[in-house]
Amino acid sequence: MTITWVALAALALALAWPVPILLARAAWPARAPGIALVVWQAIALTGGLSMIGALLSYGLEPFGTNLVDGLRSFSTSLLAGSLPRDSGFSQMFALSGAILLGIHLLLNLATTFVRAERSRRRHRQLVALLSSPMPEHPGTRLLDHEAPVAYCLPGTTRSVTVLSAGLIAILSGEQLRAVIAHERAHASQRHHLVLLAFRAWRGSLPWFPIATRADEAVAILVEMLADDQARRVVSDDTLARSIAIVASESPDATAAAALTPDGWSTLAADSASASRRIARLVDEVKPIGFPARVFAVAAAVALVLVPTALLLSPAVPA
Amino acid sequence: MATLGELERSVMDVLWDSTDALTAGDIRDDLAHGNAEGVGKELAVTTVLTVLSRLEAKNFVTRERDSRPHLFSASTSRAAHMAELMHEVLGAAPDREAVLARFVGQVSPREADALRRILAGK
């Protein structure tokens with residue numbers, strides 16, 4: 001199993017550092033946000049799998065020639081209360097690490113999910129009492145507040161789009177349609193689930209700069225995907241203009257001075273988001289070609305399959 | 001017939017606008033009269049009580065059990081609830097993006113300035 005764990009460790013390392021940095025710097029994701037989102041998911045999933053897989057196969061090395069054999073003989077000797085003579089401290093350490101890392105990642109995903117669900121429920125109750133339905137736009141509610149905000153509150157059965165009175169005051173009817181179409185796309189494409197998974201990954205690996213980078217890249221890609229849906233309803237110019245107007249009137253811009261240094265880092269990361277979205281619409285960026293699409297999707301699929309195949313492959317000669 | 005959610009909102013509006021604690025009967029009368037949407041026209045007091053219990057369970061309403069009939073009041077002002085909601089929408093809480101998706105996220109003053117200038121120039 002030596003080849004297996006070395007290969008998996010190399011893959012984990014590549015996915016933890018150079019690959020995400022290259023992808024975050026690349027220009028093509030803005031031309032194919034949906035595909036870039038798939039690639040990011042493949043990187044995150046495979047990164048985690050190969051990290052745990054490398055530790056597991058290293059730890060189980062003395063027990064068998066592949067993962068299944070290794071696990072079987074490991075549990076047999078564990079039940080018998082003895083370990084093979086050549087299993088050292090480092091192997092046991094790697095095994096514990098694999099198990100702890102796996103549990104840590106899963107638990108963090110679960111708590112992030114539960115916490116978001118709880119905040120959402122509370123928020124939905126507040127919205128229900130503080131806003132009125134807009135009969136001309138089904139699924140949309142009007143919040144009587146002067147700050148210009150629009151957001152989508154995703155729900156398991158029904159999602160709500162909330163618009164503030166301050167927003168309606170500064171946008172034309174056509175621009176408002178752009179905003180609503182954008183928010184609806186978030187809800188119908190279930191973007192909150194992807195964001196949640198990456199947020200959980202970021203939260204469970206705070207010392208891992210790549211998780212933060214991935215999370216930020218995904219946040220912008222999701223906005224671009226929603227923009228692409230809105231472009232089907234309104235012109236590119238209308239959408240670009242609505243983004244510019246809402247961003248320039250944004251209440252954060254005035255409240256930013258009150259932010260903590262910690263707040264500034266998220267701000268700096270997000271701040272390019274509106275401009276990048278507008279640039280993409282104004283410059284009429286063409287989507288990437290069909291061969292490039294096929295290649296990117298195939299690469300993402302291969303990325304997920306490789307560590308799985310390595311782990312389950314019967315008897316790679318040790 | 002108004003939905004339960006809309007009834008809850010009307011009841012809260014009555015409580016928020018009132019300086020005193022009210023009975024379910026008071027609220028029903030208030031809804032039947034001054035209400036522009038005419039929500040309370042054929043409303044039974046038991047319906048109002050049901051709505052109040054739901055609001056109490058969500059901690060929006062406080063019930064005074066010592067008095068007969070029970071008196072109800074809003075546990076927090078409308079402004080405080082609005083502040084709580086806006087804080088969640090605009091705040092920089094790390095989980096916010098997972099909770100709700102804003103049309104435009106946080107914007108730095110410099111970016112806002114640049115965009116304002118572009119919009120004015122066009």
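I started with how far apart contacting residues sit in chain B: among contacts with a separation of 6 or more, 46% join residues 24 or more positions apart. I note here that the model is a predicted one.

**Chain B, make-up**
Next I looked up the secondary structure and found 6 helices and 3 strands in chain B. I then read the order along the sequence, which for chain B is α-α-α-β-β-α-α-β-α.

**Chain B, burial and surface**
How much of chain B is buried? I got 41% of its 122 residues. For the surface, I noted that chain B exposes about 6400 Å², and that carbon and sulfur atoms supply 53% of this area.

**Chain A, a helix pair**
I moved to chain A and picked helix H5 (residues 89-130) and helix H8 (residues 191-204), which pack with their axes 9 Å apart and at an angle of about 125°. That angle is why I logged H5(A) as oblique to H8(A). I also checked the handedness: H5(A) passes H8(A) in a right-handed crossing.

Which residues make this contact? From H5(A) I listed A:His104, A:Leu105, A:Asn108, A:Leu109, A:Thr112, A:Phe113, A:Ala116 and A:Arg120. From H8(A) I listed A:His192, A:Leu193, A:Leu196, A:Ala197, A:Ala200, A:Trp201, A:Gly203 and A:Ser204. Sorting the contact of H5(A) with H8(A) by class, I have 9 nonpolar, 6 polar and 1 charged residues.

Notes
Residues are numbered from 1 along each chain as its sequence is written. Chains are lettered from A and ligands numbered from 1 in the order in which they are written. This is a predicted model: local features need pLDDT of at least 70, side-chain atom pairs count only at pLDDT 80 or more; totals for chains, interfaces and linings use all residues. Side-chain values use heavy atoms; hydrogens and water are left out. Axes are lines fitted to C-alpha atoms, for helices over the stretch in contact, and angles run from 0 to 180 degrees between N-to-C directions. Helices (H or I, at least four residues) and strands (E, at least two) are DSSP runs, numbered from the N terminus. Angles under 35 degrees count as roughly parallel, over 145 as roughly antiparallel, 65 to 115 as roughly perpendicular and the rest as oblique. A crossing is left-handed if the near helix is turned anticlockwise from the far one by less than a right angle, and right-handed if clockwise. Contact means heavy atoms within 4.5 Å. Ala, Val, Leu, Ile, Met, Phe, Trp, Tyr, Cys and Pro count as nonpolar, Asp, Glu, Lys and Arg as charged, and the others, Gly among them, as polar. Buried means under 20% relative accessible area, exposed over 50%, partly exposed in between (1.4 Å probe, protein chains only). Accessible areas come from the Shrake-Rupley method with a 1.4 Å probe; for residues, only the protein chains shown count as cover.
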